[in-house]
Amino acid sequence: MAPPNPPAFGASRRSRDAEIGLDGIERSYYFWAMRKGEQTREAILVHALRLATKVGFEGLTIGRLADDLELSKSGLFAHFKSKENLQVQVLEMASRRFIDEVIKPALGAPRGERRVRALFERWMQWEASPSLPGGCPFMAASTELDDRPGPARDFVVKSQRDWLETLANTARTAIQEGDFDPDLDCEQFAHDLNGIALSYSQASRLLKDPKARARADRAFEALVQSARSTRTTAGARRR
């Protein structure tokens with residue numbers, strides 16, 4: 001049985017799907033086994049996430065979203081109650097998608113260095129995803145909300161700490177598998193790997209550097225080599 005289609009929002013289903021940017025896989029992911037009201041809410045959040053990557057989370061307002069979707073502001077307010085709640089729910093959706101598109105597939109890779117590489121590659125694909133026209137939403141949120149206390153900032157802080165811990169834990173498995181040096185500082189490795197991702201985002205989107213991906217790949221290879229080479233050198237000294 002095919003999954004149900006998302007609501008039309010006052011336009012033809014095909015044109016609205018195109019506007020929101022949903023393909024068949026995304027419709028299956030978001031709308032299977034959902035009641036109509038849930039479909040509507042999820043479709044609104046899909047569009048809101050795309051919009052947030054372009055206009056920022058401070059620019060993501062109930063009024064702006066209502067204009068984009070040709071819905072009443074009062075109707076959207078009934079769904080989300082406030083701009084802050086809208087921001088949090090969009091971030092929650094982004095987090096679910098990040099887990100499904102980046103973390104889960106990467107953790108399916110063999111333990112060790114290959115899993116580290118899978119996380120890096122999946123993250124790079126996430127940053128360039130057509131469904132995120134403005135890039136990783138957590139990049140934008142980290143910059144916009146860093147000095148704005150509240151639930152949205154709290155969610156971003158937790159999600160980014162969880163991501164850094166995922167990177168550090170993956171480095172630890174690489175140590176356990178004998179791929180990385182036993183004395184590797186895994187928290188520092190996670191910090192440096194995340195820094196490569198941040199630098200790539202700025203180089204590719206702000207600076208439009210055509211070599212942004214190549215530079216990120218070289219930085220990643222250097223980081224991995226450093227994690228391995230210390231072990232190799234130590235092993236040679238012991239021998």
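## Helices, pocket and cavity of a predicted model

Of the 239 residues in the chain, 43% are buried, where buried means under 20% relative accessible area with a 1.4 Å probe and protein chains only. The structure is a predicted model, in which local features need pLDDT of at least 70 and side-chain atom pairs count only at pLDDT 80 or more, while totals for chains, interfaces and linings use all residues. Residues are numbered from 1 along each chain as its sequence is written, and side-chain values use heavy atoms, with hydrogens and water left out.

The chain contains eleven helices and zero strands; helices are DSSP runs of H or I with at least four residues, strands are runs of E with at least two, and both are numbered from the N terminus. Among contacts with a separation of 6 or more, 64% join residues 24 or more positions apart, a contact being heavy atoms within 4.5 Å. The accessible surface of the chain is about 12400 Å², and 52% of it belongs to carbon and sulfur atoms; the areas come from the Shrake-Rupley method with a 1.4 Å probe.

Two spaces are described next. On a 1 Å grid over the protein atoms alone, a cavity is a set of points where a 1.4 Å probe fits but cannot get out, whereas a pocket is an open set with protein on both sides within 12 Å along at least five of seven lines; lining residues have an atom within 4 Å of a point. A volume is the space filled by probe spheres set on the points.

| Space | Volume | Lining residues by class |
|---|---|---|
| Largest pocket | about 690 Å³ | 17 nonpolar, twelve polar, seven charged |
| Largest cavity | about 60 Å³ | seven nonpolar, one polar, no charged |

In these classes, Ala, Val, Leu, Ile, Met, Phe, Trp, Tyr, Cys and Pro are nonpolar, Asp, Glu, Lys and Arg are charged, and the others, Gly among them, are polar.

The largest pocket has 36 lining residues, and Phe138, Met139, Ser142, Val156 and Gln160 lie nearest its centre. Helices giving two or more residues to this lining include α8 (137-144) and α9 (151-176). The largest share, twelve residues, comes from α9.

The structure holds one cavity of 30 Å³ or more. At least two lining residues of the largest cavity come from each of α7, α9 and α10. Its lining includes Leu119, Phe120 and Trp123, and these three are among the buried residues of α7. The 15 residues of α7 should span 21 Å at 1.5 Å a residue, and its end C-alpha atoms are 21 Å apart, which agrees; the expected span is 1.5 Å times one less than the number of residues.

Notes. Buried < 20%, exposed > 50% of the residue type's maximum accessible area, 1.4 Å probe, protein only.
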